[in-house]
Amino acid sequence: DQIEKGGYDHFMLKEIYEQPKAITDTFRGRMLANEGIIRMAGIDDNISKFLNADRIIVIACGTSWHAGLVGEYLLEDMARIPVEVEYASEFRYRNPIITPKDVVIAISQSGETADTLAAIKLAKSKGAFVFGICNVVGSSIARETHAGAYTHAGPEIGVASTKAFTTQITILSLISLKLAQAKGTLSKTAVNKYLQTMQQIPNQVENLLKIDKEVQEIAYHYKDATNCLYLGRGFNFPVALEGALKLKEISYIHAEGYPAAEMKHGPIALIDENMPVFVIATRKGHYEKVVSNIQEIKSRSGKIIAIVTEGDETVKEIADHVIEIPETEEAFTPLLTTIPFQLLSYHIAVMLGKNVDQPRNLAKSVTVE
Ligand code: G6P
């Protein structure tokens with residue numbers, strides 16, 4: 001066990017630290033950034049299905065569903081294809097409208113989640129083309145889909161998903177750029193710029209992981225909280241959901257993720273001096289609006305822990321703690337903003353003495369309904 005953990009105390013921590021390599025492995029052979037080329041056999045061989053699709057329906061569960069939500073923002077923004085993101089368990093039981101002009105993207109780390117597998121079978125029976133994004137090679141979902149792409153994250157043992165999430169987002173970014181290229185919804189220059197920026201992500205994640213000590217201190221401050229709120233907008237709204245899920249899963253602290261602007265329709269009522277609020281406020285992500293949300297939290301004495309872009313001055317003045325992420329395209333910020341949240345949940349769970357790798361009541365892969 002100790003050998004498998006490679007010197008780390010837990011699989012989860014090892015897997016968090018493996019992300020620069022996992023993302024690089026997911027790029028490998030698929031992206032020639034300098035030439036502006038994206039090669040993905042599963043997409044290339046079926047490009048007409050994607051180009052003629054009325055819409056894309058993403059189906060998944062748990063963390064993979066959060067990656068799917070990031071995918072919605074990416075695909076719609078870059079490739080201009082309408083996207084719906086569905087919980088597999090809801091989709092399969094509500095008599096959904098599916099036609100042969102729909103493309104379904106099923107996302108699953110394990111490739112064995114029962115609800116996702118059943119939703120795929122349903123979509124296939126209605127004539128949809130089903131594309132899988134799985135981590136486990138040869139898994140049931142990989143076999144059941146018409147085509148797909150593997151996230152080459154390597155085995156993920158910790159129940160709380162980390163590197164599977166970032167590599168799923170990596171694949172979805174590549175697919176979005178590939179389709180944008182094929183449809184001409186982004187110029188050649190724009191695609192090239194995105195690819196060059198994307199290539200820097202693994203190094204940026206590597207550098208970001210050096211904030212571990214800082215995050216540990218923040219974790220110490222908030223480990224006794226009983227409720228936490230996570231807020232983000234745009235590409236980072238799903239990251240807020242995923243941040244809250246990570247904390248719930250392994251520390252058993254109640255946490256809710258919300259789109260920042262929705263705060264005023266409910267969660268704001270909960271804010272007082274005992275409520276830590278984790279806010280993503282990247283420079284290009286509706287920044288002014290998020291800053292005004294932060295001010296609203298401050299005026300109600302909430303504790304603010306903000307994730308900002310390097311060099312930010314405004315939020316630093318208001319927030320109790322800030323964590324800086326390096327500059328990148330806004331579309332790729334989820335690959336960076338999610339890292340501090342993973343570390344934070346990890347440290348809080350360790351400080352509380354919880355079983356980080358095998359949290360109570362949870363399974364790594366849910367093969368029953
Ligand atoms: C379980 C795991 C989660 C995972 C979800 C979906 O709940 O604990 O980490 O996100 O299943 O799993 P999948 O393998 O389909 O991505």
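The structure is a predicted model, and the protein chain holds 16 helices and 12 strands. Its radius of gyration is 20 Å, close to the 21 Å that the globule rule gives for 369 residues, so the chain is as compact as a globular protein of that length.

**Overall build**

- Taken along the principal axes, the C-alpha atoms of the protein chain fill a box of roughly 55 × 45 × 40 Å.
- Of the 369 residues in the protein chain, 54% count as buried.
- When contacts between residues at least 6 apart in sequence are considered, 74% of them join residues that are at least 24 apart.

**Surroundings of the ligand**

- The ligand is surrounded by 15 residues, and the closest of these are G62, T63, S108, S110 and T113.
- Helix 5, which spans residues 62-79, supplies the largest share of this shell, namely three residues.
- Sorted by class, the shell around the ligand consists of 10 polar residues, four nonpolar residues and one charged residue.

**Helix 2 against helix 11**

- In general, a pair of packed helices is described by the angle between their axes together with the distance between those axes.
- For helix 2 (residues 19-27) and helix 11 (residues 201-208), the axes come within 8 Å and cross at roughly 170°.
- Angles over 145 degrees count as roughly antiparallel, and helix 2 and helix 11 are therefore roughly antiparallel to each other.
- On the side of helix 2 the contact involves Q19, P20, I23 and T24, which meet I201, P202, V205 and E206 in helix 11.
- The residues of this contact between helix 2 and helix 11 divide into five nonpolar, two polar and one charged.

- Most residues other than glycine have a negative phi.
- Because N95 has 8 C-beta neighbours inside 10 Å, and 12 or fewer is the limit for exposure, N95 counts as exposed.
- Y252, likewise not a glycine, has a positive phi of about 65°, and Y252 is found in the loop between helix 13 (237-251) and strand 9 (254-259).
- With 15 C-beta neighbours inside 10 Å, Y252 counts as partly exposed.

Technical notes
Residues are numbered from 1 along each chain as its sequence is written. This is a predicted model: local features need pLDDT of at least 70, side-chain atom pairs count only at pLDDT 80 or more; totals for chains, interfaces and linings use all residues. Axes are lines fitted to C-alpha atoms, for helices over the stretch in contact, and angles run from 0 to 180 degrees between N-to-C directions. Helices (H or I, at least four residues) and strands (E, at least two) are DSSP runs, numbered from the N terminus. Angles under 35 degrees count as roughly parallel, over 145 as roughly antiparallel, 65 to 115 as roughly perpendicular and the rest as oblique. Two residues are in contact if their C-beta atoms, placed from the backbone, lie within 7 Å. Ala, Val, Leu, Ile, Met, Phe, Trp, Tyr, Cys and Pro count as nonpolar, Asp, Glu, Lys and Arg as charged, and the others, Gly among them, as polar. The radius of gyration is taken over C-alpha atoms; the globule rule is 2.2 Å times the number of residues to the power 0.38. A residue is buried if 20 or more other C-beta atoms lie within 10 Å of its own, exposed if 12 or fewer, and partly exposed in between; C-beta atoms are placed from the backbone. A residue is near a molecule or strand if its C-beta atom, placed from the backbone, lies within 6 Å of it.
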